[in-house]
Amino acid sequence: MSKKYFKGAAASILLFSIAGVTPAAVSAEEASKDFSMTVFHNNDSHAHLENIAQFAALLKEKQAEHPNNVLLHAGDVFSGTLYFNEFIGQADLAFMNYLGYDAMTFGNHEFDLGTSPEGHKPLADFIKGAKFPLVSANVDFTEDKNFDGLQERKVVAEPEDGKIYNGIVKEINGEKVGIFGLTTAETADISSPEAIQFTNYVTEAKAAVAAFEEMGINKIIAVTHIGFDDNPAIDNDQELAKQVPGIDIIVGGHTHSKLEEPYVVNKDKEPVIIVQTNEYHKFLGQLDVTFDENGVIKDYKGVLHTVDKEGAKDPEAEKMLAPYTKQVNDTMAKPTGGTADVFLSGLRGLGGVRAGETNLGNIITDGMLEKAKEIDPNVAIAFQNGGGIRASIKTGPITYGEVLTVLPFGNNLAIIELSGAELKETFEHSVKEYPKENGGFLHVAGMQVVFDGTAEPGKRIVSLKIDGKEVENNKMYKAATNVFTARGGDGFAALGKAYEEGRASEPGFSDWENLANHLQGIGTVTNGLEGRIIATVPYKDLSLNSWAYPYVSDLYYRDILEKDNKFKPGQKITRAEMVSWIVKALDLKTEGVAAAPFKDLNGVSDNLKADIAVAYEAGIIKGEDGKFHPNQNVTRAQFALILDRAYEKSTGTKYTATARAPYSDFGKYSAEAVNAISMLHELGIASGYEGKFMPEQFTTRQQAAKIVSNFIYTLKVKDEESK
């Protein structure tokens with residue numbers, strides 16, 4: 001009788017037995033024919049070996065408790081950390097051999113090196129060195145000479161280590177279990193398989209099941225790298241379970257799904273149990289399963305054991321890891337090949353990564369877009385959640401360690417197709433909290449976002465442009481982002497919906513690698529802000545295209561500027577206005593401060609008097625002959641002197657310029673003024689024109705907005721650099 005017949009005959013008892021209840025109709029003799037085993041499994045480890053000693057200790061403990069077991073890996077060992085970059089899979093292989101894996105299937109990242117000078121030789125070397133067989137029924141290596149003699153495209157009863165098979169037979173406590181593998185056909189589009197071909201997963205799965213049944217085997221495990229809930233139009237585990245009768249267990253990977261409980265398909269008929277363990281050796285999967293004599297699952301229990309980073313370590317694994325870690329740590333200190341000539345801002349607060357455009361956010365998304373276009377030239381834009389950017393990069397050579405500190409989560413690249421309407425919904429969500437910080441604030445490449453931060457949330461987007469053209473609601477666009485965001489992380493409902501509908505792919509390539517490679521390509525980084533994200537202001541006399549607009553916007557949302565309908569950008573700023581802006585920029589408190597001893601403040605508003613008083617007390621202003629001259633215009637030299645004192649007040653340190661600024665028009669200005677002007681030059685707060693600073697020229701309001709905005713940013717940078 002066929003396996004399918006036996007399983008169908010047994011289905012009547014499953015309603016009870018799937019819950020672990022044995023019906024009274026099952027006799028002791030029948031129960032004695034049951035077979036129980038344990039499947040230990042993991043997937044998408046991506047060269048995360050930092051906690052492998054803890055993983056090994058946990059695995060050995062659980063294997064001792066459940067000796068009738070198999071240990072399976074569902075793919076994506078390659079790519080992800082410096083343990084891969086340094087050792088190209090060999091470090092991972094050493095631990096897989098040590099732990100005694102029974103089989104592994106190929107993930108899409110195993111094929112990342114196809115376009116490298118060596119091609120897939122590192123993968124072939126990995127296979128040859130494996131002390132276990134690899135299984136994949138739908139991957140054909142025939143056309144790549146690196147794999148000559150390594151693949152037998154069939155199911156075998158006696159597999160050899162270091163070879164590739166469609167499927168293998170594993171004997172466990174006297175029972176034969178069939179194990180076959182599948183790899184997503186999407187690999188052809190999201191990796192670099194080159195001559196390696198991928199065939200239909202359903203067709204190959206049916207053939208593998210038939211081959212096992214011909215051998216009399218009725219317990220079958222599919223080890224897959226096709227994704228739990230990935231695009232059903234291509235392949236995924238749920239579709240596999242529905243379309244291929246005879247599979248009992250699917251040990252999955254690719255989508256990094258954290259299935260804390262097994263997912264069951266055909267629960268009331270011939271159940272198929274799907275398991276997956278998230279990623280990065282964070283969990284050890286354990287599935288305890290009992291089959292009846294017909295190979296039907298009658299009982300199961302699945303659990304994900306958390307690998308405690310502070311937990312017990314396997315001594316041998318710890319000893320093995322030490323030399324690999326030393327080399328990785330040495331490399332962490334090595335330069336990527338990129339050098340920062342400017343501070344790359346991962347700062348917090350308004351204007352930081354969670355509430356504004358930053359040069360670091362721009363570079364990250366540029367690298368993301370660059371990699372995505374290599375995979376799919378139709379990708380037009382990229383966006384990165386600000387909450388995923390965890391640090392800044394100081395000036396100087398940029399190390400791998402710094403890149404990993406900026407992007408520590410190892411979020412992989414995703415490509416998602418969205419309508420213009422969905423893009424607008426996405427960016428409405430991005431800016432809904434502005435000017436408050438929001439981890440979902442999106443940095444962008446390939447597009448410009450203009451929004452009104454004072455409007456009602458959900459109605460803030462003023463303009464979305466891609467390649468200079470307004471986004472059209474009904475037009476479809478391809479975007480690159482990270483997997484976390486693509487799946488709807490940070491509450492991005494439109495993205496989550498598109499992901500669920502199968503409009504996303506996950507080619508992988510970790511965010512930190514994309515950034516490191518992009519920095520290497522740039523060489524010297526001089527990037528500042530580029531007007532990619534602009535919050536509008538209500539001033540009718542200031543054009544959005546004005547060079548001063550981003551600075552005015554910055555001060556407006558910091559509540560430094562008056563809430564008026566005109567800014568008067570070309571008008572000269574007065575001494576009173578200048579002091580008020582600086583006091584607010586430094587967040588100096590005016591309560592309880594004695595009035596300033598100036599006798600010319602009649603007619604000045606109470607608010608301005610309070611600002612002048614606190615500035616005087618702080619030593620930022622001095623006045624002359626008992627007067628402040630609040631309505632006088634401010635020269636650029638005077639502005640520099642006052643900012644010099646404001647810098648000292650804020651930092652507690654008097655700034656001494658390292659060199660005299662290269663301006664030819666200092667004239668007979670005092671050493672104090674020359675130092676102050678040189679400070680503005682060195683810190684990038686203000687600049688001259690054609691070799692002149694024009695110290696006697698009066699300062700316009702738009703010039704002052706730029707200077708004060710840059711001054712605020714400089715203080716934040718200095719504070720960050722001092723940590």
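Start by selecting Ser45, Leu49, Ile52, His73, Val77, Asp92, Phe95, Met96, Leu99, Tyr101 and His281: these residues line the largest cavity. A cavity here is a set of points, on a 1 Å grid over the protein atoms alone, where a 1.4 Å probe fits but cannot get out, and lining residues have an atom within 4 Å of a point. You are looking at a predicted model, in which local features need pLDDT of at least 70 and side-chain atom pairs count only at pLDDT 80 or more, while totals for chains, interfaces and linings use all residues. Residues are numbered from 1 along each chain as its sequence is written, and side-chain values use heavy atoms, with hydrogens and water left out.

**Stop 1: the cavities**

The largest cavity has a volume of about 70 Å³; a volume is the space filled by probe spheres set on the grid points, which are joined across faces, edges and corners. Colour helix α6 (residues 90-99) next, as the largest share of this lining, four residues, comes from there. Helices (H or I, at least four residues) and strands (E, at least two) are DSSP runs, numbered from the N terminus. By class, the lining of the largest cavity splits into seven nonpolar, three polar and one charged residue. For these classes, Ala, Val, Leu, Ile, Met, Phe, Trp, Tyr, Cys and Pro are nonpolar, Asp, Glu, Lys and Arg are charged, and the others, Gly among them, are polar.

How many cavities of 30 Å³ or more are there? The count comes to three. For the second largest cavity, with a volume of about 60 Å³, select Ile364, Met368, Asn411, Asn412, Leu413, Thr481, Asn482, Asp511, Asn514 and Leu515. The elements giving two or more residues to that lining are α12 (359-375), β19, β24 and α17 (511-522). The largest share, three residues, comes from α17. Here the lining has four nonpolar, five polar and one charged residue.

**Stop 2: strand β19 and its partners**

Stay with β19 (residues 412-419): seven of its eight residues are buried, so this strand is largely enclosed by the rest of the structure. Buried means under 20% relative accessible area, exposed over 50%, and partly exposed in between (1.4 Å probe, protein chains only). Now show β24 (residues 476-482), which pairs with β19 in the antiparallel sense over seven bridges; two strands pair if DSSP finds at least two bridges between them. Ile415 stands opposite Ala480 in β24. Strand β25 (residues 504-510) also runs antiparallel to β19, joined by four bridges, and Leu413 has Gly508 of β25 as its bridge partner.

**Stop 3: an open sheet**

Select four strands in the order β23-β22-β21-β27, and you have an open sheet with mixed pairing. β23 (469-470) and β27 stand at the edges, each with a single partner strand, so one side of each is left without a neighbour in the sheet. Between β22 (residues 461-466) and β23 the pairing is antiparallel, over two bridges; Lys465 has Glu470 in β23 as its bridge partner. Asp467 sits in the loop between these two strands. Check its phi: the angle is positive, about 55 degrees, although Asp467 is not a glycine. At 67% relative accessibility, Asp467 counts as exposed.

**Stop 4**

Is His256 buried or exposed? At 10% relative accessibility, His256 counts as buried. Then move to Tyr434 and Pro435, which are joined by a cis peptide bond with omega of about 5 degrees. Pro435 lies in the loop between α14 (420-430) and β20 (442-445).

**Stop 5: the nonpolar cores**

The largest nonpolar core has 97 residues, and Phe383, Leu423, Phe427, Trp581 and Ile612 have the most contacts inside it. A nonpolar core is a set of buried Ala, Val, Leu, Ile, Met, Phe, Trp, Tyr and Cys residues joined through side-chain atoms within 4.5 Å. Helix α21 (residues 636-651) gives the most to this core, with eight residues. Apart from it lies another core of 64 residues, including Leu71, Leu82, Phe84 and Ala124.

**Stop 6: the largest pocket**

Finish at the largest pocket, with a volume of about 1,100 Å³. A pocket is an open set of points with protein on both sides within 12 Å along at least five of seven lines. Of its 45 lining residues, Leu529, Tyr551, Ser709, Asn710 and Tyr713 lie nearest the centre. Helix α23 gives the most to the lining, with nine residues.
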